[in-house]
Amino acid sequence: MSTWEEFSFDAAKAGARAVISRLDSVLLHFVENCVGCALCDINCPYTPAGEEYGPVEKAEPLRKVIRGQVFLAARILPWLFSAKLPRSAEELNRWVELAYRCTNCGLCYTTCPFGIHSGVMIQHLRYFLAKSGRVPALLKMMIDLETSGNILSVESFGKIWSELLERLKGLGVTFDRKGARYVYLPSLAEALITPGAITGTAKILNKLGLDWTMPSVPLSVHAPIASLVGDSEAVLEITKRVAGYVTEIGASTVILSDGGYPYRFFRFDAHALLKKPLGFDVIHVVELLHEAMKKGALKLREADQRITWHSPCQLGRMGGLIDEPADILSSASKNFVKLKSHGFFSKCCGGGNGIACVVPPTVEMFEKLLGGSIPIPEKEKVFLDKLFRDMLVASKAKVDEIRESGASVVVTACVGCVQTLHLAGKVYELGVEVKTLSEFVAELLPE
Amino acid sequence: MDLLYLSVYVLPPYVVAMFLFGVAYRISRYVLMYRRVPIRRRSRPAFKLLVGLVKTFIDPLVITARFRVSDFVGGLILLHILGVIPLIFLLGQHVAMFSYWFPPYSALRFLSIPSSATSPALTLTAPVKPTSSMSWTFVESIWGPLTIVLNGDLLAVLAIMGVLYRLGDRLWKASRNMIHIRLGDFTALLLLLAILVTGFFATHHMPSGDIVTYRFVLGLHILLAETLVVALPFTKFWHFVFGYWYGKLHEWYDLKYRRGAL
């Protein structure tokens with residue numbers, strides 16, 4: 001276990017080489033075409049927590065690493081071109097602080113006059129930091145668990161999953177059935193944090209009369225969780241595992257109910273990593289619902305509550321499903337109201353990219369589940385405490401929007417968003433119910 | 001051979017050669033680092049994608065105008081839109097100079113703007129047609145009375161204000177230990193400032209009216225401008241030629257064309 005007090009310049013150099021090997025034309029553009037105007041600060045959820053958390057500032061460490069390795073002039077005159085590797089544990093820890101103030105929501109990308117996606121750069125920075133020995137303990141534990149493939153080796157996780165399977169069996173769900181056309185892939189994280197999304201999706205798929213199945217054991221903790229530290233090797237491994245399972249079943253389509261990074265990754269990015277097509281389509285349950293309702297094949301009972309939709313960044317801005325969830329909800333309730341920032345520039349909840357999954361309340365939740373304490377070094381504890389305070393500042397804008405909407409139920413479709421809104425809602429006394437879209441829609445399915 | 005002769009008659013071919021080398025260097029890296037990967041896209045109507053393309057370029061401007069007025073006025077309006085772009089490409093003297101080096105540039109002469117509102121020589125508002133041995137004059141300029149605003153003096157002052165705003169902004173951030181502030185930010189802005197000030201001085205025969213000083217100041221102005229052209233592919237000025245266009249087109253392709261986020 002890293003104590004966050006060691007520093008190895010050799011490890012930093014190895015990390016830099018690992019990052020450089022990933023440089024392509026798009027990353028090159030992100031690295032070298034920033035003019036430092038800092039307009040990206042405007043929409044970043046973390047800027048209110050401190051001007052040093054603006055995207056341009058957070059991405060700068062990666063630029064320092066890459067400049068020194070790639071650009072000839074910067075190698076010759078590193079002080080002139082601001083090219084350097086960290087030289088101490090303090091400096092490395094400072095970079096960690098910056099890298100973990102990014103939700104990879106993409107708002108900096110769409111705000112930047114030059115189309116620079118600082119979030120992608122920060123993922124690479126996290127990879128550099130991981131190679132240099134800095135990964136939050138809980139995140140590392142989950143990555144190791146997912147990579148091991150033996151997700152249910154933890155007793156309490158196995159118990160929760162078994163109980164879930166019992167409920168699903170009661171709904172007539174079949175498991176690992178070869179020849180099914182659709183495979184629904186819930187993760188362990190959904191079983192732990194949003195179990196209603198899994199049973200809700202099962203009800204929806206049954207109602208739509210689809211030929212579907214799902215794995216009897218979770219294929220992942222929250223695939224690909226290693227992408228949160230930019231670890232492409234581990235991500236590739238889990239991608240192959242998931243693809244292998246779906247191919248074995250022989251399904252043509254994978255359905256996801258989590259609209260966080262798993263959806264964005266499997267829908268758009270997995271092919272690039274595999275360097276070949278996945279061999280099956282990946283859709284979100286929102287797409288199935290939208291299609292069915294558009295065709296008139298599904299009509300929901302009307303809800304009474306005033307509801308609103310929080311668009312997960314990876315499903316909306318980065319996943320292209322912006323209007324579809326709002327269409328579904330507006331036909332489910334006359335009291336549906338859009339949030340002020342709804343649309344392409346929808347505000348981020350502030351807890352994405354693994355942040356809400358490593359902060360102290362989540363650590364405590366996992367400690368309860370595991371029945372013991374998670375060994376976290378003192379320096380990391382200080383880091384996590386401040387991260388939680390900053391996450392709450394970052395969440396404030398979203399919480400305020402929800403409050404202004406007057407909704408009593410906020411619907412969303414991402415494990416990270418649900419966890420963040422729960423944590424922030426409690427602190428800010430928001431007093432609204434947070435539900436996943438599958439859960440909410442399942443309650444309105446006709447008899 | 002004085003500085004003016006050197007900068008006008010000797011250096012231009014070398015400047016162009018170095019600029020082209022720099023452009024080839026920068027572009028070739030993008031070509032060499034390009035990795036072709038299989039993509040999956042979400043189909044969206046062509047018209048919506050077209051609107052999305054326009055919005056991709058406009059959105060940052062609207063956001064800046066709404067949420068950061070000082071940057072919008074200082075950085076965009078003063079420095080870019082009113083200042084540098086019309087000054088570089090349309091100032092009458094520049095159009096004449098560029099046309100000498102590159103004759104097809106004279107096609108823009110009808111758009112040229114005068115150096116001063118009070119001495120609107122070379123424009124429609126000129127009371128007397130200038131005596132010139134050149135084959136054409138600028139009396140065809142389309143701007144008419146607008147030259148009261150669209151003139152080199154005013155635009156230079158606005159551009160200088162824009163550069164000073166940017167310098168001040170960088171100094172403020174540097175004082176707050178922001179790590180993204182680099183020495184290159186200051187050298188680029190100071191070079192721009194020096195070009196603007198020497199250009200303004202040359203136009204007004206400052207600091208003295210004697211021919212030697214005039215030729216030196218004008219020569220220095222052109223030499224600094226040539227330095228900017230040489231440095232352009234290697235500095236953040238590159239955004240003007242490539243970074244802006246590539247970046248926004250890539251963003252549109254990635255988010256709107258590929259992912260269908262409209």
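Is His205(B) buried, exposed or partly exposed, and how many C-beta neighbours lie inside 10 Å? In this predicted model, His205(B) has 14 C-beta neighbours inside 10 Å and therefore counts as partly exposed.

**Close-up 1. His205(B), a non-glycine residue with positive phi.** The phi angle of His205(B) is about 50 degrees. The residue sits in the loop that links α7 and α8 of chain B. Its 14 C-beta neighbours inside 10 Å place His205(B) in the partly exposed class.

**Close-up 2. The cis peptide bond between Met206(B) and Pro207(B).** Omega for this bond is about 0 degrees. Pro207(B) belongs to the loop between α7 (183-203) and α8 (211-231) of chain B.

**Close-up 3. Asn104(A), a residue other than glycine with positive phi.** Phi of Asn104(A) is near 55 degrees. In chain A, the loop between α5 (89-99) and α6 (107-111) holds Asn104(A). Within 10 Å there are 27 other C-beta atoms, so Asn104(A) is buried; the cut-off for a buried residue is 20 or more.

**Close-up 4. The cis peptide bond between Ala223(A) and Pro224(A).** Here omega is about -15 degrees. Pro224(A) is located in a loop of chain A, with β2 (212-213) on one side and α12 (232-249) on the other.

How values were computed. Residues numbered from 1 in each chain as written. Chains lettered and ligands numbered in written order. Predicted model: local features only at pLDDT ≥ 70, side-chain atom pairs only at ≥ 80, totals over all residues. Helix = DSSP H or I, 4+ residues; strand = E, 2+ residues; numbered from the N terminus. Buried ≥ 20, exposed ≤ 12 C-beta atoms within 10 Å, placed from the backbone.
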